[in-house]
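Colleague: I would like to learn how to read a model like this one, feature by feature. Could you walk me through it?

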Amino acid sequence: MSANTTPNQFSPEEQQCDEIVHKLEQLQRQSSALANEITLAVPLLREQGLPLPLSWGEQYLGWCQDRMRIAGAVASVLGLASVAEQTLPEWNRLLDRKRSELRSTRDRDAALVIEVAEILQRVQGLQVVKGESNTHAEVHDLTVLASNLFDKLSDYSERRVVLEDAGNLKALRAILFLIDAPKDGTLDEDAENLAVEEVESTWSRKLANALLRGRVTAPARKAAATSPGAAADSLSPDEVAKRLTLGQSDPSPAPVRSAPIPSASSTSLIQVEELIRIGQRMQSDIPGLYDAPLLSAAYDAVVQGIGYVEAVVKDPRTLTEPAKSNAELSQALHILAKLQSAMRAAASPHEDDRQVSVYRWLFQTAKEQSIFINRHMKIDDPADPTKFPEWVEQIKASRRKLDAPRRLAKLFHKIQHELKLSLVDPDAWEAVFRGVEELTGTEKLAPSHVQLRETLMPHLDHLPVDLTPPECFQQVLRAIDDYIRTQEERQAESEAPQGQQNPEVREVAQLLHGRAVVLIGGEVDPYAKARLERTFGLSELIWLAAHHEHSVERFAAPVQRADVALVMVVIRWMSHGHGEVIQYCEPLGKPLARLLGTTNPNRVAHDVLSQCGDVLRAKYSANGGSFESRTAG
């Protein structure tokens, strides 16, 4: 829906299209008239050997200039670089297509306004039952929010803000979903978990628990309130959409109106059971088609296409993400259209009643859902039956993508459960490693994925020192360390006065100034390396990458260098066998510090002083006394 809808419900883009079409019609009439005059005059001019009259030449030049101006307007509204090289009929076809797209968008927006209005009106009527007094404040905040959003919905200048407020609308849909859900244990567990997580993340766990226990209620859907100007029965969907789109108020004295008409794009209204029965009959017929391999492949592909449509329609996200569900439904119907068309071609010259049944269901459903299927719904536009294997693979990929949120939610739930167990059973970390490997490997999540980071960070301090994580988990740890380092740097830059330094950092800098330090673990980070050298005044930081296949012997030579004053190992990134590097430190009396956190200078200074502070002070301080006494002196 456009930001400035006129009283006739046309958006500015539609108005602009109509104006250009009107100008184009004038240009075409002018073109036809001028062409007729010149065509009639040409034989006479040729016979007399005369040139084209100057007035007609000026008219033609004027027409060319008008065409160039309109060409710029056409290209602008179509979003093209230029249409000057195309003909006027081609412009008309492009503009007609654009107007159809804009009309479809207007219809979808009108349906969305109705749906959102119903949600907001129901939330305004939330009530808390007795015995749940501690939820009154949160429910009051919800009703106030819904009231404010509904007021904005009636004000066209602010309506788009409400419709695009995906976070609040998703949370409000989840609230109503839990209110309307049956309390007899028949609710799909995945759908319930998704709704609870949305309410908990947006509002609170307390509200989610109250909804699950049925302690919060909302008014049921009712027929729309009638008004003096309306018929005695409920308002029609078109009338409701028109009033909301124009921002008109209902003359009825009731302060809150009901909008019972659900969105026409809601996939929950689709009668998919008939299609499922067709698929079941087709599946039972496949064994009898051994002598018709192409038709057998057609049956199998259509059955899988029907399964994809069923999965889309019954997807629990339908209530919380209707726009996305509608796009997936459109994709599923387009795929099924190809499959049934190719099945018809495979059965030719005979007519298969199963294919006819699928076509009829598809045609009716697409019409009810206002989804335009532009290919393979006509006899003269058949699909290629040799592409069944390609389309089956496309269905499998789409099904996997559709099921991805559910798989991810289950994996994260499992990892969170194992992390809790790891507090008492360190062996549970092996299950955590496997879960992270599946997320980053099979599911292709980036190591820096926000949810993965937020899930693991609170538990990393409990990761056993003697446990060597697999490479995929170490990549996640490195991404977390990068994130922590960046946050600490930003915080330090914003909070610390210029020139002020952590006391532990100043002490380590005084003890190690001008000396070399060895750091073992992970991949070398040039930025972090330079920062540690600069902060502690080191002559050199010898950072040695450490991988599982590396032998501990490769660290011997750098550790034994005479100018090395300290050896540090980042235990998160170390193989268990690499801990034996201490065998090269002890004979030379070189202190070894195990970094428990990141390479942030503040954390490094803390770990070094807590583990090796006494040794470093004894070897490198002027008087061997404490740092405080020396700085005070």
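Modeller: Gladly, and keep in mind that this is a predicted model. Let's start with the nonpolar cores. The largest one has 44 residues.

Colleague: Which residues have the most contacts inside the largest nonpolar core?

Modeller: Those are Met 282, Val 309, Leu 336 and Trp 361. At least two residues of this core come from each of helix 10, helix 11 (293-313), helix 12 (322-347), helix 13 and helix 14 (388-421). With twelve residues, helix 11 gives the most to it.

Colleague: What does Trp 361 touch, not counting residues up to four places away in sequence?

Modeller: Its contacts are with Ile 270, Gln 271, Val 272, Glu 274, Leu 275, Val 309, Leu 333 and Leu 336. Another core, of 35 residues, lies apart from the largest one, and Leu 145, Val 162, Leu 163 and Leu 172 are among its members.

Colleague: Now a single helix. How many residues does helix 13 have, and how far does it reach?

Modeller: Helix 13 spans residues 353-368, which makes 16 residues. From its first C-alpha to its last it reaches 23 Å, close to the 22 Å expected at 1.5 Å a residue.

Colleague: And which residues of helix 13 are buried?

Modeller: Buried means under 20% relative accessible area. In helix 13 that applies to Arg 354, Gln 355, Val 356, Val 358, Trp 361, Leu 362, Thr 365 and Ala 366.

Colleague: What caps the N-terminal end of helix 13?

Modeller: Asp 352 does, with a side-chain oxygen 2.8 Å from the backbone nitrogen of Arg 354. After the helix comes Ser 370, which has a positive phi, near 55°.

Colleague: Let's do the same for helix 10. Which of its residues are buried?

Modeller: Leu 275, Ile 276, Ile 278, Gly 279 and Met 282 are the buried ones. They lie on the same side of helix 10, because they cover an arc of only 160° around the axis. The helix itself, residues 273-285, has 13 residues and reaches 19 Å between its first and last C-alpha, close to the expected 18 Å.

Colleague: On to charges. What can side chains of opposite charge do when their charged atoms come close?

Modeller: They can pair. This structure holds 19 salt bridges. In one of them, the side chains of Lys 206 and Glu 138 meet at 3.5 Å, N to O. This pair links distant parts of the chain, with Lys 206 in helix 8 (residues 205-212) and Glu 138 in helix 4 (residues 136-154), 68 residues apart.

Colleague: Is Glu 138 buried or exposed?

Modeller: Glu 138 has a relative accessible area of 18%, so it counts as buried. Lys 206 has 35% and is therefore partly exposed.

Colleague: Where do Glu 443 and Arg 407 lie?

Modeller: Glu 443 is in the loop between helix 15 (428-442) and helix 16 (450-456), while Arg 407 is in helix 14, so their pair ties together parts that are 36 residues apart in sequence. Their side chains meet in a salt bridge of 2.9 Å, N to O. Glu 443 is buried at 14% relative accessibility, and Arg 407 is partly exposed at 21%.

Colleague: How many residues apart are Arg 603 and Asp 607?

Modeller: They are four residues apart in helix 22 (residues 601-620), about one turn of the helix. Asp 607 is buried, at 2% relative accessibility, and Arg 603 is partly exposed, with 32%.

Colleague: Finally, the whole chain. How many helices and strands does it have?

Modeller: The protein chain has 23 helices and six strands. Of its 633 residues, 45% count as buried. Among contacts with a separation of 6 or more, residues 24 or more positions apart account for 71%.

Colleague: What is an example of a pair separated in sequence, and how far apart is it in space?

Modeller: Take Ile 38 and Trp 56, which are 18 residues apart in sequence and 8.0 Å apart in space, C-alpha to C-alpha. Ile 38 sits in helix 1 (residues 12-48), and its 21% relative accessibility makes it partly exposed.

Technical notes
Residues are numbered from 1 along each chain as its sequence is written. This is a predicted model: local features need pLDDT of at least 70, side-chain atom pairs count only at pLDDT 80 or more; totals for chains, interfaces and linings use all residues. Side-chain values use heavy atoms; hydrogens and water are left out. The expected span of a helix is 1.5 Å times one less than its number of residues. Buried means under 20% relative accessible area, exposed over 50%, partly exposed in between (1.4 Å probe, protein chains only). A polar contact is a pair of N or O atoms within 3.5 Å; within protein, one must be able to donate a hydrogen and the other to accept it, and residues adjacent in sequence count only if both atoms are side-chain atoms. The arc is that of the directions from the helix axis to the C-beta atoms. A nonpolar core is a set of buried Ala, Val, Leu, Ile, Met, Phe, Trp, Tyr and Cys residues joined through side-chain atoms within 4.5 Å. Contact means heavy atoms within 4.5 Å. A salt bridge is a side-chain nitrogen of Lys or Arg within 4 Å of a carboxyl oxygen of Asp or Glu.
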